[in-house]
Amino acid sequence: MSKALEGVKILDMTHVQSGPTCTQLLAWFGADCIKVERPGVGDATRGQLQDIPDVDSLYFTMLNGNKRSLTLNTKSDDGKAIFTKLIEHCDVMVENFAPGALDRMGFTWERIQEINPRMIYASVKGFGPGPYEDCKVYENVAQCTGGSASTTGEIGSVPLVTGAQIGDSGTGLHLALGIVTALFHRTVSGKGQRVTCAMQDGVLNLCRVKLRDQQRLAHGPLTEYPQYPNGEFGEAAPRAGNASGGGQPGWIVKCKGWETDPDAYIYVITQAAAFAGLAKAIGHEDWLEDPEWNTPAARLPRLEQMFDEIEKWTMTKNKFEVMDILNPLNVPCGPILSMKELAEEPSLRDTGTIVEVDHPERGKYLTVGNPVKLSDSPADVARSPLLGEHTDEILREIGLSADDIAASKSAGAV
Ligand SMILES: CC(C)(COP(=O)(O)OP(=O)(O)OC[C@H]1O[C@@H](n2cnc3c(N)ncnc32)[C@H](O)[C@@H]1OP(=O)(O)O)[C@@H](O)C(=O)NCCC(=O)NCCS
């Protein structure tokens with residue numbers, strides 16, 4: 001079975017998280033991903049949060065699987081000549097440097113098109129054109145400027161960033177979609193194009209339902225928010241604790257063991273269609289005849305009391321027992337799974353969503369494999385490359401002789 005993106009060559013100038021998540025995804029789908037790194041230095045994440053001294057960090061290894069590494073100083077004359085050959089050789093170039101870095105090296109979009117009109121040139125930046133376009137941006141800056149932090153957290157408390165890397169990995173995912181769309185378009189147009197995705201825009205896209213709520217506010221209180229009916233609504237969509245954000249109320253409730261286990265909780269959604277089963281399971285059959293409880297609209301002003309009653313029941317069971325009882329009743333619920341539980345979950349290993357790979361310097365490590373499954377194009381997850389591991393082989397592929405390679409090395413270009 002062939003890989004879906006086999007034959008696509010990616011010139012990967014990415015670093016840190018956002019760009020590498022994009023190119024790793026394309027590499028899992030079978031693209032040949034050539035990661036260009038500064039000689040002797042490499043992607044800064046190789047050395048960040050190291051758990052084993054002088055060995056590529058998990059930060060790096062988990063974001064750069066299935067790639068090849070070439071060290072190249074793209075600011076030197078020899079390096080620029082090699083870089084030009086790489087642009088001729090590849091289909092897609094991806095970068096997430098600070099704004100203008102590639103231009104400063106002399107590789108503007110105009111220049112890239114001159115070298116290879118079929119090139120798709122994709123970039124992640126913190127912001128799109130506007131007042132902040134020149135700013136450097138990391139994950140949490142994007143979460144704060146994209147509407148996630150202002151709408152995440154406890155009611156009346158500070159804004160919160162989330163553990164899900166929606167700014168970095170989320171934008172990488174958006175960019176990957178832009179790249180495959182441009183590749184598809186190129187089959188018709190014969191031409192490459194510029195693909196850009198700002199982290200602020202990517203986060204805002206993921207916070208779409210909060211912009212929905214912002215507009216609903218003009219027409220009255222948000223009845224599914226915990227602030228309703230007694231709290232105040234201000235001018236902006238507020239933080240809503242663990243409220244579901246959808247039309248079906250939900251909340252996180254304690255389960256047996258919560259006093260000592262920080263993850264002994266479950267999310268329960270009181271979907272209208274399954275409410276009768278839920279009420280019976282928790283011993284509240286009385287709600288089904290009571291007009292104060294037996295319609296979704298009647299329950300809205302008393303959601304806090306309802307979840308308190310549900311919690312009295314869930315606290316008598318562990319989170320997996322609650323799951324086993326409520327799922328057959330069609331009550332959507334989800335135990336709070338810790339990273340330890342996820343790492344040990346056999347079904348995630350079976351599907352390749354969590355994969356163990358072997359690294360020559362660190363030994364075995366776990367990584368998250370490709371969450372997108374294609375029936376005829378399997379994704380084999382391979383380890384990340386060592387710094388410059390493939391320099392010689394890549395230089396040979398783009399036509400450099402042994403003498404050329406030796407000369408570039410002595411000039412410090414590679
Ligand atoms: C992430 C970020 C804040 C890091 O900033 P930084 O560590 O200062 O790194 P920069 O991107 O500015 O790049 C540093 C320099 O290395 C240079 N460089 C990178 N690779 C090189 C190579 N192979 N050879 C020579 N020089 C190289 C760049 O050209 C740049 O030089 P310049 O400042 O003279 O133009 C910044 O890259 C950024 O804002 N990126 C866009 C948004 C983004 O993706 N953020 C999320 C990251 S997870």
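Let's start where helix α7 meets helix α8: Asp168, Thr171 and His174 in α7 touch Met199, Gly202, Asn205 and Leu206 in α8, where contact means heavy atoms within 4.5 Å. Sorted by type, the residues of this contact are two nonpolar, four polar and one charged. For that sorting, Ala, Val, Leu, Ile, Met, Phe, Trp, Tyr, Cys and Pro count as nonpolar, Asp, Glu, Lys and Arg as charged, and the others, Gly among them, as polar.

Before I go on, a word on the model. It is a predicted one, where local features need pLDDT of at least 70 and side-chain atom pairs count only at pLDDT 80 or more, while totals for chains, interfaces and linings use all residues. Residues are numbered from 1 along each chain as its sequence is written, and side-chain values use heavy atoms, with hydrogens and water left out. Helices (H or I, at least four residues) and strands (E, at least two) are DSSP runs, numbered from the N terminus.

How do α7 and α8 cross? The axes of α7 (residues 168-189) and α8 (residues 199-206) come within 9 Å and cross at roughly 95°. Those axes are lines fitted to C-alpha atoms over the stretch in contact, with angles from 0 to 180 degrees between N-to-C directions. So α7 is roughly perpendicular to α8, a label for angles of 65 to 115 degrees.

Now α7 by itself. This helix has 22 residues and reaches 31 Å from its first C-alpha to its last, close to the 32 Å expected at 1.5 Å a residue; the expected span is 1.5 Å times one less than the number of residues. Buried residues of α7 include Gly170, Leu175, Ile179 and Leu183, buried being under 20% relative accessible area and exposed over 50% (1.4 Å probe, protein chains only). The buried residues of α7 pack against α1 (18-28), β4 (92-95), β5 (120-125), α6 (139-145), β6 (194-198) and α8. Just after α7, glycine 190 has a positive phi of about 75°.

Most residues other than glycine have a negative phi, and most peptide bonds are trans. Valine 16, in the loop between β1 (9-13) and α1, has a positive phi near 60°, and counts as buried at 14% relative accessibility. Leucine 49, in the loop between β2 (32-37) and α2 (58-61), also has a positive phi, near 55°, yet is exposed, at 69% relative accessible area. Finally, the bond from tyrosine 228 to proline 229 is cis, with omega near 5°, and proline 229 lies in the loop between α9 (208-216) and β7 (250-254).

Definitions and conventions: Parallel < 35°, antiparallel > 145°, perpendicular 65-115°, else oblique.
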